[in-house]
Amino acid sequence: MTSPTRTSSLTFSSITPGSGLQAALAKEPAEVLVQVGRSGLRGRGGAGFPTSLKWSLAAETGGEKKYVICNADEGEPGTFKDRVILTDFADLVFEGMTVGARVIGAQRGIMYLRSEYTYLRPHLESVLASRREMNLLGKNIAGREGCEFDVNICMGSGAYVCGEETAMIESLEGHRGEPRNRPPFPIDTGYLGRPTIVNNVETFAWVVCILARGPEWFKSHGTDKSSGLKLFSVSGDCELPGVYEFPMGITIAKLLKEVKGEGAKAVQVGGASGQCIPASQFDRALAFEDVSTGGSVIVFGPHRDMLDVVENFLEFFVDESCGQCTPCREGVPKLLEGVELLKQGKCSMAYLKELCGLGETLQLASKCGLGQAAPNALLSVVANFQDEILGRTNGRKTKHATRSLT
Ligand SMILES: Cc1cc2nc3c(=O)[nH]c(=O)nc-3n(C[C@H](O)[C@H](O)[C@H](O)COP(=O)(O)O)c2cc1C
Ligand code: SF4
């Protein structure tokens, strides 16, 4: 368990650049896929899609030109672990992309870099240049005839929604960054209409560790459904905020002990799109089968007003909605208005119930994950902090009303 001040003790620091690629090149691509599958690796960008399944679907798709995209947009509030990986372990990320390219049969990769990380670009370009010099990128990689792959870096422009893989592809194609209808999925109709895999920065880095150390090593950490290790960005009301490496399945209580945040009243797991977990549920596990997360953990101390938290997240979603679909474009501002009324003590119980209903509609009817997740914080705070919330309604909080809200 490691804090950011000591990235040298993260697993990534023990892996020699080139070792994962050499291991991959010594095998047939199908065998590499089996290794990644045996590790149980699931995407570290949030949704937890099995990496080997995504890659095998793209590998099976015919066509000559395929693409590998690294999602380095890292726009989720409270997430900064990819920044640490890009700063200290960029070699592993480019190497994981190269392995992915060999598996699916791609020759071109793109890293979509968050605009706020522009300062990292010269460093990333120099890592790419030295990999080209070492013949780990370019033509005939590591002396293998016909093994060709290279990576370009493309800058984002500050839109959170462009972290969604299809909006990112639109943006890369030079269009407005708006999510596409799915299906078709990028694995068959991605960048420029070609089969494309999009993976998170951390996912690519773990692929290299899995090849260097073996899938059994990875699987020996974590839980059955969420194997391996994971980086967590921890911020907020704790004494030791930073980036930590923990096994998947760690309980919130254990994490809080490590970061010295035991007095917390709640934690927001998964950023603004995630869930707000109250202290009574700190025995829950950070794993895809329980509290799922791309890695953001925001700690709230006892003095925090949970409505301030919800208001802050909703303001973010109002700003970041791309406006393409009505539920999100019209619904999120309505949720924000309702929370503002609640804060002023001007929201009736009946209206609060309507707001919760509207939130559920957004979860079902919004086109992409942004609108689907925007009501999460409000709904989980209403469900878990009823005393704090109902005390602010303009009307009576009866036991009956409390029950009917949830
Ligand atoms: C609004 C929105 C923002 C997203 N932002 C990111 C992001 O910053 N980084 C990321 O890796 N995935 C992000 N995702 C998830 C991606 O769409 C995609 O699932 C992920 O990059 C796949 O990589 P993985 O399988 O390695 O996790 C976002 C999704 C949504 C709906
Ligand atoms: S849910 Fe929001 S961000 Fe997603 S497509 Fe609809 S308007 Fe755009």
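A residue counts as buried under 20% relative accessible area, as exposed over 50%, and as partly exposed in between. Keep that in mind for the views below, which all come from a predicted model.

**View 1. K260, a residue with a positive phi in a loop.** Let's start with K260, found in the loop that links α10 (252-258) to β7 (266-269). Its phi is about 55°, a positive value, even though K260 is not a glycine. Is K260 buried, exposed or partly exposed? Its relative accessibility is 42%, so K260 counts as partly exposed.

**View 2. L192, in the loop between α7 and β4.** Here's another positive phi: L192 has one near 55°, and L192 isn't a glycine either. You'll find L192 in the loop between α7 and β4. Because its relative accessibility is 49%, L192 counts as partly exposed.

**View 3. Cis peptide bonds at P183 and P184.** Stay with the loop between α7 (165-172) and β4, as P183 is found there. P184 lies in that loop too. Check out the peptide bond running from R182 to P183: it's cis, with omega near -5°. Now move along to the bond from P183 to P184, which is also cis, with omega near 5°.

**View 4. Strand β4, largely enclosed by the rest of the structure.** How many of the five residues of β4 (residues 196-200) are buried? Five of the five are, so the strand is largely enclosed by the rest of the structure. Take a look at where the residues point: T196, V198 and N200 go one way from β4, while I197 and N199 go the other way. Whichever way they point, all of them are buried.

**View 5. Strand β4 next to its partner β1.** In which sense do β1 (residues 67-72) and β4 pair? They run in the parallel sense, and five bridges join them. To pick out one bridge, find N71 and then look in β4 for its bridge partner, N200.

**View 6. Ligand 2 and the residues around it.** Last stop: ligand 2, with 13 residues surrounding it. Which of them are the closest? They're C322, Q324, C325, C328 and C368. Sorted by type, the shell around ligand 2 has seven nonpolar residues, five polar ones and one charged. As for the space that ligand 2 takes, it is the largest cavity.

Key. Residues numbered from 1 in each chain as written. Chains lettered and ligands numbered in written order. Predicted model: local features only at pLDDT ≥ 70, side-chain atom pairs only at ≥ 80, totals over all residues. Heavy atoms only, no water. Buried < 20%, exposed > 50% of the residue type's maximum accessible area, 1.4 Å probe, protein only. Helix = DSSP H or I, 4+ residues; strand = E, 2+ residues; numbered from the N terminus. Pairing = 2+ DSSP bridges. Near = heavy atom within 4 Å. 1 Å grid on protein atoms, 1.4 Å probe; cavity = no way out; pocket = protein on both sides within 12 Å on 5 of 7 lines; lining within 4 Å. Sits in = over half its atoms within 2 Å of the grid points. Nonpolar A, V, L, I, M, F, W, Y, C, P; charged D, E, K, R; others polar.
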